[in-house]
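Hello,

Here is the structure for you to look over. My notes on its cavities and cores follow.

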Amino acid sequence: MQSIGGSGVLSLAYAVVADVTVHSERGRFLAPMLTATNIGPCIGPIIGGGTVLASGDPRWCFRALLIFGASATLLIAWAQPETARAVVGNGAVPAKGLWRTWWSLLFAWKKKRGISGIGTVESAAGTISRATQERATIIPAARHEEVIVTEVDINTGQTGRGVLILPNPLPSLRIVFYPDSFLTLWLAGAPYALWFCVQTSTTPIFSRSYHFNPLEVGCCFLAGGVGIIAGGFITGRLLDSNYQHIAKQAGFAIDRVRGDDVTRFPIEHARSRGSITIIAVSMCVVVGYGWVVERRVHAAVPLLFQAYMGCKCTVLLQTYSALVVDVFPDMPGTAAAANNITRCLLAAAAVAVLEPLTGTMGYGWAFTLLGLFDATTCILAVVVLRRWGRGWRDRRVERIRVRTQEGASIACMHTPEKRQT
């Protein structure tokens with residue numbers, strides 16, 4: 001049950017970032033989002049270890065989860081506005097019903113009771129929308145024609161209400177089997193699976209080999225957490241820098257207002273730039289981590305290695321998670337869900353084989369094998385993606401466009417013509 005709820009957090013977070021940012025500036029928004037999502041795994045083991053030591057009852061770990069989960073749910077319900085383009089357009093369409101925040105509902109209730117001086121978020125958004133329409137009427141069309149058309153296209157037909165449907169995993173699974181998205185998902189999931197092996201092995205390593213108590217073991221997770229948080233900010237800078245570098249090489253003009261048309265941009269090259277170097281260095285660190293643990297070197301050494309591996313995992317995971325959202329701009333939530341499915345399945349498989357490997361080969365050879373497999377497959381995936389990824393993407397987009405046109409033509413053929421009077 002915890003994994004069902006937790007897996008949806010990243011999908012929603014990526015969808016929100018995709019709703020409110022353009023491709024060229026997505027990295028700087030991912031950094032604080034990644035920091036927020038990774039604070040929990042950093043401090044969670046410390047809170048859990050301290051709770052067990054203080055209370056002597058392991059069940060308090062689950063009670064703490066309930067407290068944090070309920071707090072997060074209330075915060076989202078009160079303050080998180082709806083950002084889905086299919087519901088609120090570019091934000092000018094006010095959300096209604098279940099898609100409003102509790103905060104706006106409270107103000108609307110107070111207004112109905114006649115409390116003066118307090119307006120609702122919905123009325124403010126409606127005022128903005130009306131002001132935009134009035135401004136669009138006053139501004140000469142010759143100077144702002146393109147902006148007006150784009151704004152109307154985004155908001156036309158949006159009612160502020162979404163559609164409640166049963167979750168359907170099939171669209172997400174379909175994304176997994178496209179050649180270009182499969183490679184992208186592998187590049188996001190393989191480092192995550194390797195990092196999950198490191199995290200899973202932390203407790204037995206430091207409790208058995210280094211004889212740490214539960215609180216000290218919990219503090220060991222801070223090393224990887226620091227690397228993850230640092231990796232989030234590094235990824236933000238790296239994504240934007242790589243995008244601008246490739247755009248300059250291709251002679252592509254970046255549109256920071258309406259966003260770029262990625263169908264005309266080599267987004268695979270922009271996102272994968274520098275990945276091979278990162279993966280090669282990571283292989284050496286993973287192999288070294290296994291052997292310093294095997295030889296029981298001072299605890300500071302494996303913790304430093306964990307910090308680097310956490311940083312590297314975050315850089316690759318978020319880089320290619322951003323790429324899979326980039327190449328499916330019309331369904332960012334579905335693409336993020338496909339990413340969750342892939343990385344969680346890979347992590348589960350990796351953890352399943354970790355215990356037999358370490359029991360048979362020891363930590364040294366086990367992490368040597370895992371590091372070599374991760375590096376070999378990921379470097380091969382990067383090379384293939386850079387060579388054929390854009391061609392596969394273009395053909396996929398063209399097939400979808402043709403099917404959409406055929407469906408529209410069939411619908412027009414079955415629509416009865418209106419009689420002329």
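There are three cavities of 30 Å³ or more. A cavity here is a set of points on a 1 Å grid, over the protein atoms alone, where a 1.4 Å probe fits but cannot get out. Points are joined across faces, edges and corners, and a volume is the space filled by probe spheres set on them.

This is a predicted model: local features need pLDDT of at least 70, side-chain atom pairs count only at pLDDT 80 or more, and totals for chains, interfaces and linings use all residues. Residues are numbered from 1 along each chain as its sequence is written, and side-chain values use heavy atoms, without hydrogens and water.

The largest cavity has a volume of about 50 Å³. Its lining (residues with an atom within 4 Å of a point) includes Leu-238, Asn-242, Arg-271, Arg-273 and Thr-319. H10, H12 and H13 each give two or more residues to that lining. Five lining residues are nonpolar, three polar and two charged.

Now the cores. A nonpolar core is a set of buried Ala, Val, Leu, Ile, Met, Phe, Trp, Tyr and Cys residues joined through side-chain atoms within 4.5 Å. Buried means under 20% relative accessible area with a 1.4 Å probe, protein chains only.

The largest core has 62 residues. Phe-265, Tyr-320 and Phe-367 have the most contacts inside it. Helix H14 (332–413) is among the helices that supply at least two residues. H14 gives the most, with 16 residues. A second, separate core of six residues includes Val-17, Leu-30, Leu-239 and Ala-322.

Best wishes

Conventions. Buried means under 20% relative accessible area, exposed over 50%, partly exposed in between (1.4 Å probe, protein chains only). Helices (H or I, at least four residues) and strands (E, at least two) are DSSP runs, numbered from the N terminus. On a 1 Å grid over the protein atoms alone, a cavity is a set of points where a 1.4 Å probe fits but cannot get out, and a pocket is an open set with protein on both sides within 12 Å along at least five of seven lines; lining residues have an atom within 4 Å of a point. Ala, Val, Leu, Ile, Met, Phe, Trp, Tyr, Cys and Pro count as nonpolar, Asp, Glu, Lys and Arg as charged, and the others, Gly among them, as polar.
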